[in-house]
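Visitor: Could you walk me through this fold and tell me what the labels rest on?
Guide: Gladly; here it is.

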Amino acid sequence: MRFAFGVAVFAAVVPLLIFQLTKNSSSMSALGRIRAKNSGVNLLGKRAVVVGGTSGIGTGVALRLAKANVSVTVVGRNRRAGEEVVSQMRSVSGSPQASFDFVECDASLLANAKGFAASYAARPEVSSLDYLVLTQGIATTQGYTPTSEGLDQKMALHCYGRMAFVDQLLPLLRRSHDGRVLSVLSGGVHSPYTQYAEDADLSQAYSLAKAANAAGFYNDIALDAFSRDNPGLTFIHAAPGFVRTNWGTEMPWLIKGAVRMLARVMGKDRDDCGELMCDSLFSPDNKGFCIVDEFSQPAKRTPLHEQAFATVWKHVQDVLRSRLS
């Protein structure tokens, strides 16, 4: 059964990867323009928190911010990996005044977002937060798997936990003259989750496709809602495209091996992705709520966005209140 599932997923993934290969020339052209545009960016004095920054895309973003002399706190579960990223950030930064550190945290639990925000705000050197980057995630074939807080693990990492970090760090973001939130997931790529009213938390009829679409759909709506309530801040939902990372550590060997093999040929480099994702943070053209694609270009919201807005936002707020109160 598991082998057959792996074959089916592999068959579905291969055409997408071939399509990605056809976009490589466009990717390199866009990357070259963005790298040239941002080559002189110096953001010394600004602060960032990168959740999920101990590997993959999160590390790429953290290193690019460090290169721009942003003081970066990386949040993640793996202490050894986090300390290695801190060492790399120190190496790429051009300023001894920028600071870098790691905080160990299981981002699948919303209460941990509250605890992190309180301890971060209590630091004497922290008076505001300029950038909050959310890249935490998991790729598995598991079904509905509740955390100790009663939320599906994928939804907790990809949606609810991300919004908990936003909610708890809002006071510091508001003190920045240009506070920005970037959630790297599936902006402009996912479909709308049509069962948002009758099965909001996916506990009744779970599937991997539903979990992927719901997480992206809810990110769009929740970030838009935060934007409407905080007009001085910018909230961005981005899609990273296909990136060479250790994707799918928990996946069956067939899927994991095939995807990683193809990624070596067709995927973006982690640091190139970091460059592209950070462009959305650096660009003064991005204001309010924005959805951007893998090349930092504007992307479209789903056609159900406004229709589902009030219902989905209330659901997300209810989840946050019940776990953070």
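Guide: Let me begin with terms: two strands pair if DSSP finds at least two bridges between them, and helices (H or I, at least four residues) and strands (E, at least two) are DSSP runs numbered from the N terminus. This is a predicted model, where local features need pLDDT of at least 70 and side-chain atom pairs count only at pLDDT 80 or more, while totals for chains, interfaces and linings use all residues. Residues are numbered from 1 along each chain as its sequence is written, and side-chain values use heavy atoms, leaving out hydrogens and water.

Visitor: What is the order of the strands in the open sheet?
Guide: The seven strands run β3-β2-β1-β4-β5-β6-β7, with parallel pairing.

Visitor: What makes β3 and β7 edge strands?
Guide: β3 (100-104) and β7 (289-292) each pair on one side only.

Visitor: How do you know that β1 and β4 pair?
Guide: β1 (residues 47-51) and β4 (residues 131-134) share four bridges, and the definition asks for at least two, so they pair. Ala48, for instance, has Tyr131 in β4 as its bridge partner.

Visitor: Why is α5 called roughly perpendicular to α10?
Guide: The axes of α5 (residues 110-121) and α10 (residues 305-324), lines fitted to C-alpha atoms over the stretch in contact, cross at roughly 70 degrees and come within 8 Å. Angles run from 0 to 180 degrees between N-to-C directions, and 65 to 115 counts as roughly perpendicular, so α5 is roughly perpendicular to α10.

Visitor: Which residues of α5 make the contact?
Guide: Leu110, Ala111 and Lys114 do, meeting Val319, Leu320, Arg323 and Leu324 of α10; contact means heavy atoms within 4.5 Å.

Technical notes: Parallel < 35°, antiparallel > 145°, perpendicular 65-115°, else oblique.
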